[in-house]
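Dear colleague,

Please find below the structure we discussed, together with its sequence. A summary of the findings follows.

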Amino acid sequence: MGVLESIIEAINFIDGLVWGLPAVIILAGTGLSIAILGRLFQVTKFKAVLKNMLYKGTGGKGEVSPFATWAAVMGATVGVGNIAGVSTAVHLGGAGALFWMWVCAILGMGTKAVEATLGAWSRRITPDGKVEGGTPYYIRLVPTVGPALAVLFSIFAFIAAYGIGNTVQANNVALGVEYIAKAYGFDVFQAKLITGILIFIFTAIVVLGGVRRITDASNFLVPFMATWYIVASLVIWIKYGSNLPLAFSEIFTYAFTPQAAAGGLSGWLVYSAIRYGFARGLFSNEAGLGSAPNMYAYMTVDHPGRVGLYGVFEVFMDTIVICSMTGIVDIVTRVYIERPDLSGAQLAMEAFYRAYGIWAPVVLGLALALFAFTTLLTWEWYGEVNWIYFWVKTLKLPEKPMRWIWRFMWVIPIIPAAIAETKMFEVFWNFADMANGLMAIPNLIAVAYFAPVGIGLIRDFLRSGKI
C-alpha cells in the first residue's frame, strides 16, 4: 500500500469513528437539551430574531459592525456545502436526508445561539479597543479540563480550516468547472488550473488584509449571492412545479423508510439518510463545531445574548432556506434518481442544466464561485484565531510573525486542491468531515457545560427590551 492510500485509509477510519452513531446522538442530544432547557426559544422567539437583525451596534463594544459580522459568518456557513454538500447528502442518503437536515437545523439554531452568545460573553476588550476572543476562550473556562480542551480545539480548528474552509471549497468549484469544460469541449486541466489561480489571487488579496477586509468583502458579497441563488432555485421549483408534491412526499416518507434506487443500486437506508443529513447539515451550518464564535466574538454589541439571535437566523437562512433550495432542485428535476453516477457539484450542475440549458454554467457557476470564495475568506480567519491561540497564547511565540506565517501558509493549498483528480473528491469531503467531528467534541463539551449560562444571557436580553 502506498503512502497516499495509507493516508486515505486513515482519514476514512477516523472519519468513521467521529461520525458514527455516537456522534449523531451527541450532536442531536446537545441540540435537544438546549431546545428543552431554552423552551425552544429559537422557534418561539423567532419574531424577535428577525427584529434583532436591524440592530446597528448602538451602545456596543467590539471591532466589526453587527451586520458585517453576521455576513462574514454567513459567508462561511453558506458555502459549497449548500450546493455540493447537500447534493452529496441526497446522492448518498436519498430524499430523506433533506428532512434530517431540517431537524439538524432546528436543533442547530439553538446550539449556534448558545455558542455565539458564549463567544461574546467570554471575550476580552483590551484598553485600545481590540477584541481578544473566540471559541477556545470559553472552552478554557470549563473547570479542570478546559485548558486542555481549548488547546485541542485550537489544533483541530486550524487543521479543519484546510478542509472545510480551503481544499473542499477550491476542489468543488473546480469540479463544477470540469463539468462545464467537458460540456463545451474545453481542456479540463487548463480550466481547473485557471480556476485555482483565480481563487488563489482573490482570496490572498482579501485575507492578507485581516478581519476588517474579510468582513467588508462579506458585507458586500453575501446578500447578493444569497439572493442570486434563491431566485435561481425558485425558478426551477416553478418550472418543475408538477413534481413538487412528489418531492415533499419523498422527503418525509423516506426519512423513516428505505428508498429504492434506480439503475440496480441497492437503495438508500434510513440510517444513511440520518447520517448524511446530519453530517452535511452540520458541514453547512456548522452548529456545534465552534467555528462561528471565532467571528461573533468581534461583533460590536451591547449584550452577549443579542449575538445568540444572530446565530439563530444564520442557521435558519443557511439550512432551512438555502440548503432546501438545492435539495429540492435535485429531487424535483429527478437527477438524483436518473443520474446515480453523479454526486456533489456535478449532480447540482446536471439539475441546473435541465432547467437553464446553456445558461446553467453562468447561473450555478456564479453562485458556486461566490459561495466558495466567501467561505474561504471567513474560514481563514477562524483558522487564524485558533492558530494564534495555540502558538501565541499557549506557547508564547511572537504574535505578528505567527499571523503572517499562517496567512501565507493557508493560501498555498488552494491551487493544488483545484487541480486534484476527480477521485480525490470524496477524500477531501472525508477529511473535512473528520476535522469537523474532531472540532465538535471539545466544543460540545463546553457548550453543554455552559448551556445554562448561554440560555440565561439570551433570556436576559429578551427581557431587557433592547430589541
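Arg306 and Asp302 form a salt bridge through their side chains, with N and O 2.8 Å apart. Please note that the model is predicted. Arg306 is buried, at 2% relative accessibility, whereas Asp302 is partly exposed, with a relative accessible area of 25%.

The whole structure contains 12 salt bridges. One of them joins the side chains of Glu314 and Lys112, at 2.4 Å from N to O. Because Glu314 belongs to helix α16 (residues 304–332) and Lys112 to helix α7 (residues 96–121), this pair ties together parts that are 202 residues apart in sequence. Both Glu314 and Lys112 are buried.

A salt bridge also links Glu132 and Lys393, whose closest N and O atoms are 2.8 Å apart. Here, too, distant parts of the chain are connected: Glu132 lies in strand β2 (residues 131–132) and Lys393 in helix α19, 261 residues apart. Glu132 has a relative accessible area of 19%, so it counts as buried, the limit being under 20%. Lys393, at 27%, is partly exposed.

Since 28 of its 35 residues are buried, α19 is largely enclosed by the rest of the structure. Lys396, which follows α19, has a positive phi, near 65 degrees.

Yours sincerely

Notes. Residues are numbered from 1 along each chain as its sequence is written. This is a predicted model: local features need pLDDT of at least 70, side-chain atom pairs count only at pLDDT 80 or more; totals for chains, interfaces and linings use all residues. Side-chain values use heavy atoms; hydrogens and water are left out. Buried means under 20% relative accessible area, exposed over 50%, partly exposed in between (1.4 Å probe, protein chains only). Helices (H or I, at least four residues) and strands (E, at least two) are DSSP runs, numbered from the N terminus. A salt bridge is a side-chain nitrogen of Lys or Arg within 4 Å of a carboxyl oxygen of Asp or Glu.
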